[in-house]
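Hi everyone, thanks for coming along.

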Amino acid sequence: MRFAILGSGGVGGFFGAKLVRAGHDVTFLARGAHLRAMREHGLTIRGAEGDFTVAVKADDDVQRFGPVDVVVLAVKNYDVASVLPAVKTLLSARGAPAPGETPPFVLTLQNGVDIPSEVAAAVGEAAVLGGTTYISTAISEPGVITQTGTNHRIVLGEVFGDTSRISDRAQSLRDALAGAGITVEAVADARGALWDKLSFLACISAFCTASRLPVGALRDNPAFREVFRQAAAEVLSVAAAEGITTTRTPDALVQYMDGLPAHMRPSMLGDLENGKPLEVEYLQGSVVRRGRARGVPTPVMSTLYVLLLPHAQGERKA
Ligand SMILES: NC(=O)C1=CN([C@@H]2O[C@H](COP(=O)(O)OP(=O)(O)OC[C@H]3O[C@@H](n4cnc5c(N)ncnc54)[C@H](OP(=O)(O)O)[C@@H]3O)[C@@H](O)[C@H]2O)C=CC1
Ligand SMILES: CC(C)(CO)C(=O)C(=O)O
């Protein structure tokens, strides 16, 4: 398969490098020192699964990419708008599909639940496949992605149109990713998977970032556990009000938290400490706005949201 990876950071760099190693035709959108390092030295993946380096095609202009079958959108939520023109260019680069041929499509991998609609507004619902990923990776130096731990997983599927069965394109993409050594599941309706992830992430990232503490420093306090359970219940109530079937319950999310290593620090906390923008509008903010629109009260999440909001722009904010 021919892939364009838009955003070559923790997520795009890690999965893209695995695809290159498996022999797929992959072109990466990158910029600055990371782009220069990728061109000069290749893209290196480091972590407990074993280090490897692949030579890559990388550019800062998608006009030079050539036709692709799949666009993987792997920039942060707040950068998606800036790459939508590139997505449009890539989706039209292959020309009209031959009869029976699958038209090119875009897989979204952002945390949160907002991006599929934002992308669909630009390129049409039919071109969008939704995905979510469980992994812990970051650019540790230009040209190098470092994975913490060994877990990685993608869940992908349709979010618009027919969500009653696993689509052929979701299955083909699953097979290509699995063949590249990626742990991946195709589902009929990916909206539940996106909310499943958000129901935990919106809570844990908010509590750890607002307190500047890893999960282990918070979770043994019974009062914290009760408020965490309330926050989780709020997110799940918003999902239910939107007609989404999730597989989580507040108690299951508390249990999931208990299973994490005590030193686990959500990436939002790392972003805060590094002066980077936070995806707060797309996690906590999205839950609060969606709750308000559906008449679902979100008092705990609203409190966390206003505490995080002053940091949303990172050091770009005065
Ligand atoms: N990393 C992780 O462990 C996980 C991340 N996610 C989600 O995945 C998404 C991506 O996160 P992550 O990979 O960590 O983010 P990163 O910041 O590591 O990577 C994004 C990359 O995209 C680049 N980029 C942004 N806009 C452009 C552009 N216009 N042209 C070229 N390059 C561009 C950024 O460059 P620059 O630095 O110059 O801005 C950066 O290198 C987020 O929504 C995140 O929440 C989900 C699960 C886990
Ligand atoms: C909580 C975690 C590590 C789960 O993958 C995550 O996605 C994040 O910190 O952003």
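How many residues of the shell around ligand 1 are nonpolar, how many polar and how many charged? Keep in mind as we look that this is a predicted model. The shell around ligand 1 has ten nonpolar residues, 15 polar ones and five charged ones.

Let's stay with ligand 1 for a moment. There are 30 residues around it, and those that come nearest are G7, G9, G10, V11 and N111. As for the elements, helix 1 (10-21), helix 2 (32-41), helix 3 (80-92) and strand 9 (137-141) are the ones that give two or more residues to this shell.

Now, on to ligand 2. Around ligand 2 you'll find N111, Y134, I135, S136, L201, I204, P266 and S267. By class, that shell has five nonpolar residues, three polar ones and no charged ones. So where does ligand 2 sit? Ligand 2 lies between domain 1 (2-189) and domain 2 (193-316), because both of them give residues to its shell.

Let me turn to the annotation. An unreviewed UniProt entry places "domain: Ketopantoate reductase N-terminal" at residues 4-159. In the model, that span is 28% helix and 31% strand, with its end C-alpha atoms 21 Å apart. For residues 190-308, UniProt lists "domain: Ketopantoate reductase C-terminal", again from an unreviewed entry. Here the chain is 66% helix and 0% strand, and the end C-alpha atoms are 28 Å apart.

With that much helix about, how do some of the helices pack? Two packed helices are described by the angle between their axes and the distance between the axes.

Helix 3 packs with helix 4 (residues 115-123) at an angle of about 50°, and their axes are 10 Å apart. The two are therefore oblique to each other, and the crossing is right-handed.

Next, helix 6 (residues 191-211) packs with helix 8 (residues 250-258) at about 60°, with the axes 11 Å apart. That makes this pair oblique, and helix 6 passes helix 8 in a right-handed crossing.

Which hand does the crossing of helix 10 and helix 11 have? The axes of helix 10 (residues 284-294) and helix 11 (residues 299-308) come within 9 Å and cross at roughly 135°. These helices are therefore oblique to each other as well, and their crossing is left-handed.

That's my tour, so over to you!

Notes
Residues numbered from 1 in each chain as written. Chains lettered and ligands numbered in written order. Predicted model: local features only at pLDDT ≥ 70, side-chain atom pairs only at ≥ 80, totals over all residues. Near = placed C-beta within 6 Å. Nonpolar A, V, L, I, M, F, W, Y, C, P; charged D, E, K, R; others polar. Domains from an automatic or database assignment. UniProt positions renumbered as here; feature names shortened; annotations may be inferred. Helix = DSSP H or I, 4+ residues; strand = E, 2+ residues; numbered from the N terminus. Axes fitted to C-alpha atoms, helices over the stretch in contact; angles between N-to-C directions. Parallel < 35°, antiparallel > 145°, perpendicular 65-115°, else oblique. Left-handed = near helix turned anticlockwise from the far one by under 90°.
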